[in-house]
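Hi,

Here is the structure I promised to pass on to you. Have a look at it first, and then read on for what turned up in it.

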Amino acid sequence: MDRAFAIQVSRLTKAYDGHTAVSDLSFEVYAGEIFGLLGPNGAGKSTTLRTLITLLTPTSGTASVLGHDTVREADVVRRLIGYVPQERAIDRFLTGREHLELLGALYHLSKAEAARRIAELLKLVELEEAADRAAKTYSGGMKRKLDIACGLLPDPKILFLDEPTLGLDVQSRLRIWDYVRMLKERGMTIVMTTNYLDEADQLCDRLAIIDGGKIKTLGSPAELKVGLGGDIVSLTLKDQSKIPTLVSALTRHPAMRAVKATPTGLDIRVESPEKALPAILEFANRLDCQLEFIEYHRPRLDDVFIAHTGRSIKDDLPKENVE
Amino acid sequence: MSEYWQEIHALTMRWVRRLSREKFSMLFTLVQPMLFWLIFFGNLFQRAADMQITQAPDYISFLTAGVVVMTVLNNGLAGGVDLLFDKENGFLERLMTTPIHRSSVILSRFIFVMTITSLQVLVIIGVAFLFGVQPATGLLGIATILMIGMLFGVGLTAISMAMAFSVKSHGDFFSVLGFLSRPMIFLSSALVPLAGMPAWMGFLARFNPMTWAIDAVRPLILTGWTEALPHVGMVVVVMVIFDALCLYGSAKVFRRAMG
């Protein structure tokens, strides 16, 4: 993969009336990758994204898009990017085609060029038949598709997606994921925010986990999972008073990387399950700890998230506005 | 320059399209001032109004100038509403990520509001004509009325747009709107001449730019150029100051809101 930088963010801080939304953020996005900003609501993902698309001016620090500063060269940056906002930013009285025609004029396309691109995009997002109906008649999924077509109209080098599948049904989500992958195939760089772990896991080449305005960790989903160090064995004990005994016994064992008590049992991080599992069972037997349940799994993105933020992302998922 | 024009044209046409899709609302906004104020109010007060005080052949011809300027006031103050909706549903943000001149959005709104207002003013003058009101200064007078309307409308629309960008919710916007527009109407010479008002109201009305606009439009309709010209000269001065203040204040808000 081409390792040229598409985006460079350096020590970005943004504060609104005394509240710091993001603080001292630095990261790079490589050209041609799908980069995700993952975090709960209010973590600072949107603020970061909105700074990159020139809507916000950093309090301190800088951001550049394809080498152009988002403040000093905002106009150049705007010509290079496409944006798909989080809200359905749709004028309900205009038809799908009129949305695209309006944007065509705002990107200063000639009539012929705009017409060519609009036809292509309507086909891509399968809105050809609905193109001349007012957007108020569109379903949630159709509005989202129109949003995406609007983001793609300038034929951007980088596409920014803010929570692209928030509140969509499963089928529409999968369809949107397909689009995103296809755009990547075409060489587009994609930056997206999400608070869906599976979306980040499936779609992103690399992602930054953001919480409380700071990047907690950054890497490819696989790297992040490996970085946790080992697979996870979860035990549920019949008698929970035995938990401390088992914890202290296992902690000293060389096959266990980390042992942690949970309300119902233990979470044990292990290097190689072949060595660890027999040892765990042996100890449990010897100490007379009856096991109710054993679960063994490779680390998931959930585990990564919990390890770095100390909580589950589901704790504060917003209510979804399912349409 | 041609890019600038392309932007403004496309954005203005969007407002036109929106209006044409809201046929009921269009009809309502267009008809309301004529029906309510001119036809009902004008005819209702025909005999209650003292012609010694209105100095007009009948109340409806006195009222025409007031209704014209009231229409300018209401359209101007409501001029920012669509931007408020755009701000709330994220459409404005979408526009702001495109490489347009920031002023295009504002200018398109001015052009649209001024055009619609002028058309409405013409309709009002037309309906008044059906009730026997013949503008004393003819077509040139009507052109002058439109000019006064635009001068007043620019400042009002600027205030309204600035408000749309600064309010937290659209409930706030409409409360302020109501709070501004009604006193502006009653504390002006729209319904009663200054001479016929209680002294304190007349005093306050003198500071209302609307009074100046009405006092220039009224002789253009009722009497003729000789009486109208000094008022027209005066209103141009007042409105240039009014607009300068409004534009200066709102430009700051626009710059903060749109970067």
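In this predicted model, the side chains of A:Glu98 and B:Arg21 meet in a salt bridge, with N and O 2.8 Å apart. (A salt bridge here is a side-chain nitrogen of Lys or Arg within 4 Å of a carboxyl oxygen of Asp or Glu.) The pair crosses between chains, running from helix α3 of chain A, where A:Glu98 sits, to helix α1 of chain B, which holds B:Arg21. Helices (H or I, at least four residues) and strands (E, at least two) are DSSP runs, numbered from the N terminus. A:Glu98 is buried, because its relative accessible area is 11%, while B:Arg21 counts as partly exposed at 34%. For those words, buried means under 20% relative accessible area, exposed over 50%, and partly exposed in between, with a 1.4 Å probe and protein chains only.

A word on conventions: residues are numbered from 1 along each chain as its sequence is written, and chains are lettered from A and ligands numbered from 1 in the order in which they are written. Local features need pLDDT of at least 70, side-chain atom pairs count only at pLDDT 80 or more, totals for chains, interfaces and linings use all residues, and side-chain values use heavy atoms, with hydrogens and water left out.

Back to the salt bridges. B:Arg14 pairs with A:Asp91, their closest N and O atoms being 2.8 Å apart. B:Arg14 lies in helix α1 (residues 2-21) of chain B and A:Asp91 in the loop between β6 (81-84) and α3 (96-106) of chain A, so this pair also joins two chains. Both B:Arg14 and A:Asp91 are buried. Another salt bridge links B:Arg94 to A:Asp147, with 2.2 Å between the closest N and O atoms. Between chain B and chain A the count is six salt bridges, and over all chains it comes to 30.

There is also a salt bridge within chain A, where the side chains of A:Glu113 and A:Arg116 meet at 3.0 Å, N to O. The two are separated by about one helical turn because they are three residues apart in helix α4 (residues 111-124) of chain A. A:Glu113 is partly exposed at 23% relative accessible area, and A:Arg116 is partly exposed at 45%. Elsewhere, salt bridges that share partners join A:Asp91, B:Arg14, B:Arg18, B:Asp82, B:Asp86 and B:Arg109 into one network.

Now for the interface as a whole. In it, 23 residues of chain B are in contact (heavy atoms within 4.5 Å) with 29 residues of chain A. Together the chains bury about 2,500 Å², 58% of it on carbon and sulfur atoms. B:Arg94, B:Thr97 and B:Pro99 supply 29% of the area that chain B buries against chain A, more than any other three residues. Buried area is the accessible area (1.4 Å probe) that two parts lose on being put together, summed over both.

Chain A has 11 helices and 14 strands, and buried residues make up 55% of its 323 residues. Its C-alpha trace spans about 80 × 45 × 40 Å along the principal axes. The chain is divided into domain 1 (5-221) and domain 2 (229-298), with bounds from an automatic or database domain assignment. The C-alpha centres of these two domains of chain A lie 44 Å apart.

A:Leu66 has a positive phi of about 50° although it is not a glycine, and A:Asp155 has a positive phi near 55°. Most residues other than glycine have a negative phi. A:Leu66 lies between β4 (60-65) and β5 (68-69) of chain A, and A:Asp155 between α5 (140-152) and β7 (158-162) of chain A. A:Leu66 is partly exposed at 31% relative accessible area, whereas A:Asp155 is exposed at 52%.

Last, two helices of chain B. The buried residues of α12(B), among them B:Val232, B:Phe242 and B:Met258, pack against α6 (91-96), α7 (102-130), α8 (138-166) and α11 (209-222) of chain B. B:Glu227 is found in this helix, α12 (residues 225-258), and counts as partly exposed at 45% relative accessibility. B:Trp200 has its place in helix α10 (residues 199-205) of chain B and counts as exposed at 57%.

Happy exploring!
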